[in-house]
Amino acid sequence: KNNEIMISVRFECESFSDEITLLIIKDITLKELIEAIYYGLIKSNKESDKYRKHFQLMEKYLKTYM
């Protein structure tokens with residue numbers, strides 16, 4: 001496990017606040033991290049609605065800033 005680090009991703013808006021903790025490899029690029037979070041949220045949404053708001057916030061952020 002020497003090649004992994006733990007990071008937290010916070011999702012916030014006026015009516016919602018939550019944090020997800022991820023275990024990732026150390027040498028991941030920012031682009032790869034953003035893609036991993038995005039596609040992970042898509043996959044989670046297909047399985048349940050638990051992360052629907054997280055995905056909506058991520059999608060809004062990417063459309064605004066990317």
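Which elements each supply at least two residues of the lining of the largest pocket? I shall answer that after a brief look at the chain as a whole. Please bear in mind that this is a predicted model.

The secondary structure of the chain amounts to 2 helices and 2 strands. Starting at the N terminus, these elements follow the order β-β-α-α. Along the principal axes, the C-alpha atoms fill a box of roughly 35 × 25 × 20 Å.

I turn now to the opening question. Strand S1, residues 4-13, helix H1, residues 30-47, and helix H2, residues 52-65, each supply at least two residues of that lining. H2 gives the most, with 6 residues. The volume of the largest pocket is about 280 Å³.

On your screen, the lining may be followed along the sequence. It begins with Val9, Arg10 and Phe11, continues with Leu33, Ile34 and Ile37, and also takes in Leu57, Met58, Lys60, Tyr61, Thr64 and Tyr65. Sorted by class, the lining has 9 nonpolar residues, 1 polar residue and 2 charged residues.

The next topic is the pairing of the helices. In general, two packed helices are described by the angle between their axes and the distance between those axes. Here, the axes of H1 and H2 come within 9 Å and cross at roughly 140°. An angle over 145 degrees would count as roughly antiparallel; H1 and H2 are therefore oblique to each other. Their crossing is left-handed.

Which residues make this contact? From H1 they are Ile34, Ile37, Tyr38, Leu41, Ile42 and Asn45. From H2 they are Arg52, His54, Phe55, Met58, Glu59 and Leu62. By class, the contact of H1 with H2 has 8 nonpolar, 2 polar and 2 charged residues.

Definitions and conventions: Residues are numbered from 1 along each chain as its sequence is written. This is a predicted model: local features need pLDDT of at least 70, side-chain atom pairs count only at pLDDT 80 or more; totals for chains, interfaces and linings use all residues. Side-chain values use heavy atoms; hydrogens and water are left out. On a 1 Å grid over the protein atoms alone, a cavity is a set of points where a 1.4 Å probe fits but cannot get out, and a pocket is an open set with protein on both sides within 12 Å along at least five of seven lines; lining residues have an atom within 4 Å of a point. Grid points are joined across faces, edges and corners, and a volume is the space filled by probe spheres set on the points. Helices (H or I, at least four residues) and strands (E, at least two) are DSSP runs, numbered from the N terminus. Ala, Val, Leu, Ile, Met, Phe, Trp, Tyr, Cys and Pro count as nonpolar, Asp, Glu, Lys and Arg as charged, and the others, Gly among them, as polar. Axes are lines fitted to C-alpha atoms, for helices over the stretch in contact, and angles run from 0 to 180 degrees between N-to-C directions. Angles under 35 degrees count as roughly parallel, over 145 as roughly antiparallel, 65 to 115 as roughly perpendicular and the rest as oblique. A crossing is left-handed if the near helix is turned anticlockwise from the far one by less than a right angle, and right-handed if clockwise. Contact means heavy atoms within 4.5 Å.
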